[in-house]
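Hello,

Here is the structure we spoke about handing over. My notes on what was found in it follow below.

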Amino acid sequence: MKKVFLGTLAMTILLSSCVSQKKYAELEAKQKETQDLLNSATVKLNDCLEEKATADTKLKALEDQNAFLKANNQELINNMGNLTTLTTKGAENLEKSLESLQEKDLTIRKLQNAVTRRDSVNLALVQSLKGVLGNLDDEDIEISVEKGVVFVSISDKLLFRSGSYNVTNAAKEVLGKVAKVVNNKPDFEFMVEGHTDNVPYRSGVLLDNWDLSVKRATSVVRILQNDFGVDPARMTAAGRSYYIPLVDNTTSANRAKNRRTRIVVLPKIDQFYNMIEEGMKDPAIGGTGK
């Protein structure tokens, strides 16, 4: 009997021991699961904290930007208020200034129109001169337009003998052709300019290069008047001596270039004003057309 009791007790203890180990294993598994959940929650919490910090930074930037925009908006409102305080007299002055600018713009357009007409007339004059003078490959004759003025430059070699102010026969032929053009252009005046090199000159009553340049200019003017009937009221004779050289007077060839006579053809001042007045009447720029 005693043996039976002891056996039963041993079986009971053995069974009790097995149940405790099973529960322990279950608890241990649950504890691990709980720990895993805690770790996961901790990671998510840290992520949330980082996102919150980033959001706080962005919020602060947006608040600063909002404050700046409010201040800027207030400044704009103040400026608008200042603009609305313009007096009636100030507004009238502004309107008058705009009208003045429009009038100046119109005047400029009218002047440009007159200059365009003048340039067209000059172009026609140049073509006429080139037509009558023929071969312009001759280096002794040059036609050019500078600043709205037509120039006919004739070399000293063609016009005069060395040291003389008497016009050569060959030059008279050229001057006759020029006279033919200017006689057909009564709205033009012109000036004959004499130019010399810088070699000192003195002969008879002529004291220096000034005298020689003027004397050569008057000789050309007299030929145009007496031989070809050009109205003397349209001509001016001028001497420029050696003070406006084309090139430096350092070589014989350069001095030859500087010895020349220029015929400067330009429209009469009143004719130019007439072109401006005609431009003002142009309906295209607001004129009456009358």
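F190 touches V182, L224, V230, R234, M235, T236, I263, V264, V265 and L266, leaving aside residues up to four places away in sequence. Please keep in mind that this is a predicted model.

F190 is also among the residues with the most contacts inside the largest nonpolar core, together with I154, L175, V192, L224 and I263. That core has 27 residues. Two or more of its residues come from each of β1 (141–146), β2 (149–155), α3 (156–159), α4 (169–183), β3 (188–195), α5 (209–226) and β5 (260–267). The most is given by α4, with six residues. In soluble globular proteins, nonpolar side chains tend to be buried together.

Next, helix α5. Its 18 residues reach 25 Å from the first C-alpha to the last, close to the 26 Å expected at 1.5 Å a residue. At the start of α5, a side-chain oxygen of D208 comes to within 3.1 Å of the backbone nitrogen of W210. The buried residues of α5 include N209, R216 and L224. Their cover includes α3, α4, β3, β4 (235–239) and β5.

As for the whole protein chain, it has seven helices and five strands, in the order α-α-β-β-α-α-β-α-β-α-β-α along the sequence. Of its 290 residues, 26% are buried. The protein chain exposes about 20000 Å², and carbon and sulfur atoms supply 57% of that area. Among contacts between residues at least 6 apart in sequence, 67% join residues at least 24 apart.

Regards

Technical notes:
Residues numbered from 1 in each chain as written. Predicted model: local features only at pLDDT ≥ 70, side-chain atom pairs only at ≥ 80, totals over all residues. Heavy atoms only, no water. Core = buried A, V, L, I, M, F, W, Y, C linked by side-chain atoms within 4.5 Å. Buried < 20%, exposed > 50% of the residue type's maximum accessible area, 1.4 Å probe, protein only. Helix = DSSP H or I, 4+ residues; strand = E, 2+ residues; numbered from the N terminus. Contact = heavy atoms within 4.5 Å. Expected span 1.5 Å × (residues − 1). Polar contact = N/O pair within 3.5 Å; in protein donor to acceptor, adjacent residues only side chain to side chain. Areas by Shrake-Rupley, 256 points an atom, 1.4 Å probe, with all protein chains shown as cover.
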